[in-house]
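Subject: A structure for you to look through

Dear colleague,

I am passing on a structure that I would like you to read alongside the notes below. Please open it first and keep it beside you as you go through them.

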Amino acid sequence: MRTLAINSKLINKGRFRLDGGFYLNIHSFLSLYLEANEERCVKLEDIADVMNPPVFKRQFCSIKGNAVEYFQSSDVSLASNNSEVYIYRPQAEKIGAIVHEGDILVTGFGSIGNVRLVSKSQNNVCYANNVARIFPQKTVKTGFLYAFLMSKFGNAQLNKNASGSVVRYIEAPGIKKTLVPNLTEALQRKVDDLIQESAKLREEASVMIGKAKSILLNYCNADFRKNNFKTAVVKNTDILFSLQHRIDPPALINDGVIAINKIEQIKKTIKLKDTGAKVFRPGIFKRCYVSNGYPYIKGSDIFNVNPFVRCSYLSRKNTPFVNEMLLHEGQILVTCAESVGNIKLITKEYDDKEALGSQDIIRIETTNNLFTKEYLFIYLQLPFVYDYIQSMKYGSVIERVEPFHIESIPVVQPTVKISEEITSLVRRYMEYTYKAFVEEETAIKEVEQEIESWNKK
């Protein structure tokens, strides 16, 4: 229960509302830190240009030709820099939907307030019209503005200024109202340096993953082409010897299965379970949420750049399966419900935070010196392996895979040289990813601590 004395000036600014719920929800409560010190702040519209492209009917197209990668609002928070969806570039350019390195993006629909600093690898891609673009002026450091919007105070204002009762949304006019702390030039520069270093490290981490995938794809020599409209004659024996005896086309006529069958003719493969890997999933339990406990990372959040920013917390006393749910550095995660087959490698920040992962995520752990966790992480991300995993899904409403499905995946046996080369690249990726997380978190804390100190003076 929260109580607070509200100044009449705030009531005048708050649409003349007197109900406590308007002032004492968490977003309004945090916004009071800035509203009570408005003389120390500037409005976002005074230091940056903010806009949303007009609503448009997307002209989807193939990667060939005059195409540009297209990202939805839900992609803003994700660590990935790539999309499999493309739209017609002249259309995106005409309405101003192309983003550029250094722009700041804010989701304005659904999960409001996710923020992204456009990196070099996302320069000239297209985002949806409900993603607001912020173009900082020269008077403000881009990294500082990004860190503030990522902080709990920036996020609180974005959510407070949002509209809608069923589906919340915010666009450029509402975002422009955001109060930004007018901190010292030295502090802004310090925060900006941390954010720019974090962005640089993430770019280098992305390069490491790209190199590792390229090496492994060349070694596998897989001629994989996804064909969404495919017909074939299927033998009864194929159904009888399949893992689940399914007769539906996605299980039997699958490009990933065809690709792996061809690879097995030229490369030695071994089932994942036979590499000595442990594949498991924690049991189902009733979650007991608290304000301060184990950070709980859902399957939908595990791929966020920073899943801890606004995660839930589980009770340290009333949560079962803690040892199975703890996320440790080097674990490979596989999503196994709804969005199936996405792969994540856990880095050191999850150990630092004592984070728990959802029971709807399959874990893979291994100590094999040839089939290393780093090698398996890259292998499971290859396009034909992802497609192979899709062939094992079951369920009519919510599609799933289970640990025994993942255990059955054929893994191409690498040479010692290939394994060591990929392992080295992925270890550098893990190092850069962890350092980037620490730099960004430090920058955000610098901003939050300065704002919190205002009410202590």
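Which residue forms a salt bridge with Lys 152? Before the reply, a word on the source: this is a predicted model, in which local features need pLDDT of at least 70 and side-chain atom pairs count only at pLDDT 80 or more, while totals for chains, interfaces and linings use all residues. Residues are numbered from 1 along each chain as its sequence is written, and side-chain values use heavy atoms, with hydrogens and water left out.

**Salt bridges**

The partner of Lys 152 is Glu 452, and the closest N and O atoms of the two are 2.7 Å apart. This pair links distant parts of the chain, since Glu 452 belongs to helix H18 (residues 416-454) and Lys 152 to helix H7 (residues 152-160), 300 residues apart. A salt bridge here is a side-chain nitrogen of Lys or Arg within 4 Å of a carboxyl oxygen of Asp or Glu, and helices (H or I, at least four residues) and strands (E, at least two) are DSSP runs numbered from the N terminus. Glu 452 counts as partly exposed at 22% relative accessibility, and Lys 152 counts as partly exposed at 33%; buried means under 20% relative accessible area, exposed over 50%, and partly exposed in between, with a 1.4 Å probe and protein chains only.

The structure holds 17 salt bridges, and another of them joins Glu 441 to Lys 353, with the closest N and O atoms 2.6 Å apart. Glu 441 lies in helix H18 and Lys 353 in helix H14, so this pair ties together parts that are 88 residues apart in sequence. Glu 441 is buried, with a relative accessible area of 18%, whereas Lys 353 is partly exposed at 26%.

Asp 360 and Arg 400 also meet through their side chains in a salt bridge, at 3.0 Å from N to O. Asp 360 sits in the loop between S19 and S20, and Arg 400 in the loop between helix H16 (383-390) and helix H17 (403-407), 40 residues apart. Asp 360 is partly exposed, with a relative accessible area of 29%, and Arg 400 is buried, with 18%.

**A buried arginine**

Arg 363, in strand S20 (residues 361-365), is buried yet has no salt bridge, and the nearest side chain of opposite charge, that of Glu 365, is 7.0 Å away. For charge, Lys and Arg count as positive and Asp and Glu as negative, while His and the chain ends are not counted. The side chain of Arg 363 does, however, reach the backbone oxygen of Gly 357 at 3.0 Å.

**Strands and sheet**

Strands of a sheet pair through backbone hydrogen bonds, either parallel or antiparallel. In this model, 5 strands form an open sheet with mixed pairing, in the order S3-S5-S4-S9-S6. Strand S3 (60-61) and strand S6 (98-99) stand at the edges with a single partner strand each, so one side of each is left without a neighbour in the sheet. Two strands are said to pair if DSSP finds at least two bridges between them. Strand S4 (residues 67-71) and strand S9 (residues 125-127) run parallel and are joined by 2 bridges, with Tyr 70 standing opposite Cys 126 in S9.

Elsewhere in your reading, please look at S7, which is joined to S8 by 3 bridges in the antiparallel sense and pairs with strand S10 (residues 131-136), also antiparallel, over 4 bridges. Leu 105 stands opposite Arg 116 in S8, and Thr 107 stands opposite Val 131 in S10. Both faces of S7 are covered, with Ile 104 and Val 106 buried on one side and Leu 105 and Thr 107 buried on the other.

**Positive phi values**

Most residues other than glycine have a negative phi. Asn 124, however, has a positive phi of about 75°; Asn 124 lies in the loop between strand S8 (115-117) and S9. Glu 354 likewise has a positive phi, near 55°, and is found in the loop between helix H14 (348-353) and strand S19 (356-357).

Note on methods:
Polar contact = N/O pair within 3.5 Å; in protein donor to acceptor, adjacent residues only side chain to side chain.
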